[in-house]
Amino acid sequence: MVKGCLISTLFLSFSHWFQWFYKIIFLTNFGNCIIQQKQMTYRIKNKAVNFKTIVLLVTAAVFISACGDQNSKVSDEKRNVVLIGIDGMSVSGFQKARTPNLDNLARAGSISLTTRAVMPSVSAPNWASHLMGAGPEQHGITDNGWTMNSHILDPVISDDDGYFPSVFKLVKEQITDAKTALFYDWDALADLYNPKYIDQAIFSKSYLQTFEKALPWIIENNPDFTFIYIGYPDETGHHYNWESTDYIESIEKVDEALGIFINGLKEAGKYQQTNFIVVTDHGGKNSGHGGITMEEMEVPWIVTGPDIRSNFVIDEPNSVTNTGPVIARLLGLPKPLGWTGTVPGTILNTGKSANESSGFVPQPYANIKSGIYDEDMLVSFYVSDPQCEIRYTKDGSDPAKTSTLNQYPALLQRTGVIKAAAFLGDNRSRILNIDFSRVDKIESITLSEMPSQEYPGLGPYTLSDKQLGDADYQQGGWIGYKGKDVEILVTLPEPENVNRIRLGYLNLPASWIFPPREITIEYSMNNSDFYNAGILTSDFIASKSDKGRNFVGLNMKGAQMRYIKLQIKNTGICPSG
């Protein structure tokens with residue numbers, strides 16, 4: 001079998017106050033050589049009310065009662081659980097959006113920002129897992145097209161109609177005269193649960209209608225368990241991309257509607273006896289989801305109300321499969337056979353006051369992300385909660401309450417790690433890390449051989465787009481060569497004193513991707529007379545190689561050059577095994 005190399009990133013370091021030029025040329029064998037490259041109106045009791053005005057009033061009301069006696073016992077009153085599912089709400093989106101009502105629920109209860117979705121990270125398997133206390137390997141719901149009459153994997157246990165046991169079944173069978181309800185705006189959701197255990201299932205065409213229909217029914221019927229599903233953020237993410245302005249606004253709009261809903265329960269005297277659980281099914285990346293990236297697999301998870309620890313950030317492992325067992329615990333019901341999820345022990349009220357626990361503070365975000373930049377940048381930090389203050393460091397240390405206060409944009413001129421955190425009282429948010437790589441511009445890159453048709457990337461531009469190749473080579477960002485060596489000529493806009501050249505390569509033997517055999521680096525001022533800067537031998541490369549993405553470098557001691565030539569030799573035939 002012919003082997004090749006994947007080339008991803010070349011780092012050149014110039015003598016501008018230690019500013020490193022990072023442009024990677026990533027090398028690896030794969031049997032190939034791959035080079036990296038509103039206003040709205042809300043209708044209550046048939047009266048049109050200005051939605052924004054109501055939101056202002058509701059927000060104020062929720063702020064006033066944010067951390068009241070949520071952990072008090074309900075005495076003899078009936079316990080209700082309301083599960084609010086916000087489809088596609090990522091951890092990043094939740095923290096960037098201004099969500100005073102969700103924030104207040106989090107501070108009145110317990111929140112996890114590291115809950116894991118099940119795979120695949122699509123809606124049906126995860127909404128099933130929330131209400132069925134188990135993953136797809138147990139309940140058998142593996143895709144969004146699942147129906148009772150059309151599926152591949154049978155559940156490990158089922159009721160008389162073939163459905164895996166859900167919270168709806170648990171409540172109806174074990175609580176006398178129990179009432180359950182489902183309010184939703186994604187029609188396929190109703191296929192997942194046995195309808196005979198749902199007293200009221202109402203489909204709406206928008207999230208506003210969903211909340212509007214749920215509120216009076218809950219007030220009138222006092223159900224034991226209600227599931228309210230909102231699909232708006234997921235729809236917006238697919239249309240405009242996750243983390244886009246429209247996507248963030250969609251979360252904020254849902255939060256406003258949630259505030260109206262909560263205020264209605266308060267006015268009806270139903271709030272204090274209710275446990276609220278706010279969950280989602282997955283995050284997203286670009287305009288989709290379904291993969292295994294952290295952006296897709298890590299989701300927020302909130303539980304609040306009687307018997308739940310207040311103002312607490314959950315740091316133990318958590319999964320969407322734990323939602324069902326938590327609901328069962330709150331209602332005093334045993335888990336059904338087949339449920340694998342558990343109740344996070346730290347969320348249960350232990351009598352600790354809020355100031356004895358680690359309270360929730362939204363993580364700050366910035367106007368730039370980690371990456372490669374060919375100019376100085378001003379970085380500004382923001383946080384969704386105006387009560388918080390942001391402090392940051394530029395030396396790689398973790399921010400503390402004594403670190404630099406975020407008052408003005410910070411100028412970034414050198415390669416380094418910038419960290420920021422939000423503070424509220426004695427509590428600190430998760431830390432935002434920005435890896436800033438300062439590089440100089442490239443005028444052009446030429447290749448001695450065009451890449452193979454399997455890995456064309458964007459041609460030479462793949463190497464100068466200031467993007468690192470994904471660790472999963474199949475995600476793009478690479479150009480590749482099949483059984484051929486390649487020579488790369490990098491031209492700078494003007495002569496520079498280069499301090500260091502750094503190269504990245506991929507080593508994935510299980511995918512027939514191996515390190516380059518040898519790399520020779522030459523430089524020139526006139527593109528005619530080249531001088532040898534050094535050779536990275538196979539032994540040297542092997543000594544630096546672990547599985548995955550690797551980097552090797554060559555110190556240049558400030559040599560002046562305008563042209564850099566890299567001769568990258570393919571490993572050749574795959575070794576035995």
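Entry 1: I started at Phe-168. Not counting residues up to four places away in sequence, Phe-168 touches Leu-131, Thr-180, Ala-181, Leu-182, Tyr-193, Tyr-197, Ile-198, Phe-225 and Phe-227. Contact here means heavy atoms within 4.5 Å. I note that this is a predicted model, where local features need pLDDT of at least 70, side-chain atom pairs count only at pLDDT 80 or more, and totals for chains, interfaces and linings use all residues. Numbering runs from 1 along each chain as its sequence is written, and side-chain values use heavy atoms, with hydrogens and water left out.

Buried means under 20% relative accessible area, with a 1.4 Å probe and protein chains only. This core has 43 residues, and Phe-168, Leu-189, Leu-192, Tyr-193, Phe-225, Phe-227 and Ile-277 touch the most other members. At least two residues each come from β6, α4, α6, β8 (180–184), β10, β11, β12 and α11. Helices (H or I, at least four residues) and strands (E, at least two) are DSSP runs, numbered from the N terminus. α4 gives the largest share of this core, five residues. I also found a second, separate core of 39 residues, which includes Phe-211, Leu-215, Ile-230 and Phe-261.

**Entry 2: the sheet.** I traced an open sheet of eight strands with mixed pairing, in the order β9-β8-β10-β6-β11-β12-β7-β13. Two strands pair if DSSP finds at least two bridges between them. β9 (200–203) and β13 (312–313) stand at the edges with a single partner strand each, so one side of each has no neighbour in the sheet. β6 and β11 pair in the parallel sense over six bridges. Val-81 stands opposite Asn-275 in β11.

Then I checked helices on the sheet. α3 touches β6, β7 (110–116), β11 and β12, and its direction makes about 65° with that of β12. Angles run from 0 to 180 degrees between N-to-C directions, with axes as lines fitted to C-alpha atoms, for helices over the stretch in contact. α7 (residues 207–221) touches β8, β9 and β10, at about 165° to β10.

**Entry 3: enclosed helices.** Eight of the nine residues of α3 (residues 100–108) are buried, so this helix is largely enclosed by the rest of the structure. In α11 (residues 323–330), seven of the eight residues are buried, so α11 is also largely enclosed. Its buried residues pack against β6 (80–86), α4 (123–132), α6 (167–174), β10 (225–230), β11 (274–279) and β12 (298–304). Gly-332 follows α11, with a positive phi near 70°.

Methods: Buried < 20%, exposed > 50% of the residue type's maximum accessible area, 1.4 Å probe, protein only. Core = buried A, V, L, I, M, F, W, Y, C linked by side-chain atoms within 4.5 Å.
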